[in-house]
Amino acid sequence: MTQASFTRQDLLDCAEGKMFGPGNSQLPAPNMLMMDRIVTINDDGGEFGKGYIHAELDINPDLWFFGCHFKGDPVMPGCLGLDAMWQLTGFFLAWAGGPGRGRALGVGEVKFTGQILPTAKKVTYHIDMKRVIKRKLFMGMADGRVEVDGRTIYTAKDLKVGLFTDTSTF
């Protein structure tokens, strides 16, 4: 695929299975879709020259997680930011032509140094692909960071996602 950016509607189409074809990767549907747009995606950029993704999520106080996490102390769960980085890594693999359904395989290290509150405006995700394996197993490894209103608040090293044509025994 040569498309270098994706709108909210594009991402919703991907969640419906309309982007990469039957049996191939899909993004989660709302409410688990953790981005509103992919600003840029390429296969030769980023810190390691193996690919880069920049995506964004607009924050508003009505987002579902603020009502339950936590009552009287609303904050976006950190695991959702981590999941967004896995979502984007998997999207990159499908965009790069990989067959199969995406599954998170692990992460080497995660650090949380801030929080996302309902008063924030925008979350920005940056994914630097470190390694892309295109064999029987189509797998990617990446480093990622999450920013809120321009400040880095989460980092992840060695995010791993694989694409599987058969997930019945996963």
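I'll go through the ring pairs, then the aspartate.

Keep in mind that this is a predicted model. Two numbers describe a pair of aromatic rings: the distance of the centres and the angle of the planes.

How many aromatic pairs does the count come to? Seven. Take phenylalanine 6 and phenylalanine 91. Their ring centres are 5.0 Å apart and their planes sit at 80°, so this pair is edge-to-face; the cut-off for that class is over 60 degrees. The pair links distant parts of the chain. Phenylalanine 6 lies in the segment before helix H1, residues 8-15. Phenylalanine 91 is in helix H2, residues 78-95.

Next pair: phenylalanine 92 and tryptophan 95. Here the centres are 5.5 Å apart and the planes are at 45°, so we call it tilted. Phenylalanine 92 and tryptophan 95 are three residues apart in helix H2, so about one helical turn separates them. Both of these residues are buried too.

Back to phenylalanine 6 for a moment. Phe6, Phe20 and Phe91 form one aromatic cluster.

Now the aspartate. Aspartate 143 is in strand E6, residues 138-148. Its relative accessible area is 6%, so aspartate 143 is buried, given a cut-off of under 20%. What does its side chain make a polar contact with? The side chain of lysine 130, at 3.4 Å. Leaving out residues up to four places away in sequence, aspartate 143 also touches others, including Phe48, His126, Ala156 and Leu159.

That's my tour. Over to you.

Definitions and conventions: Residues numbered from 1 in each chain as written. Predicted model: local features only at pLDDT ≥ 70, side-chain atom pairs only at ≥ 80, totals over all residues. Heavy atoms only, no water. Phe/Tyr/Trp six-rings, centres within 6.5 Å; stacked < 30°, edge-to-face > 60°. Helix = DSSP H or I, 4+ residues; strand = E, 2+ residues; numbered from the N terminus. Buried < 20%, exposed > 50% of the residue type's maximum accessible area, 1.4 Å probe, protein only. Polar contact = N/O pair within 3.5 Å; in protein donor to acceptor, adjacent residues only side chain to side chain. Contact = heavy atoms within 4.5 Å.
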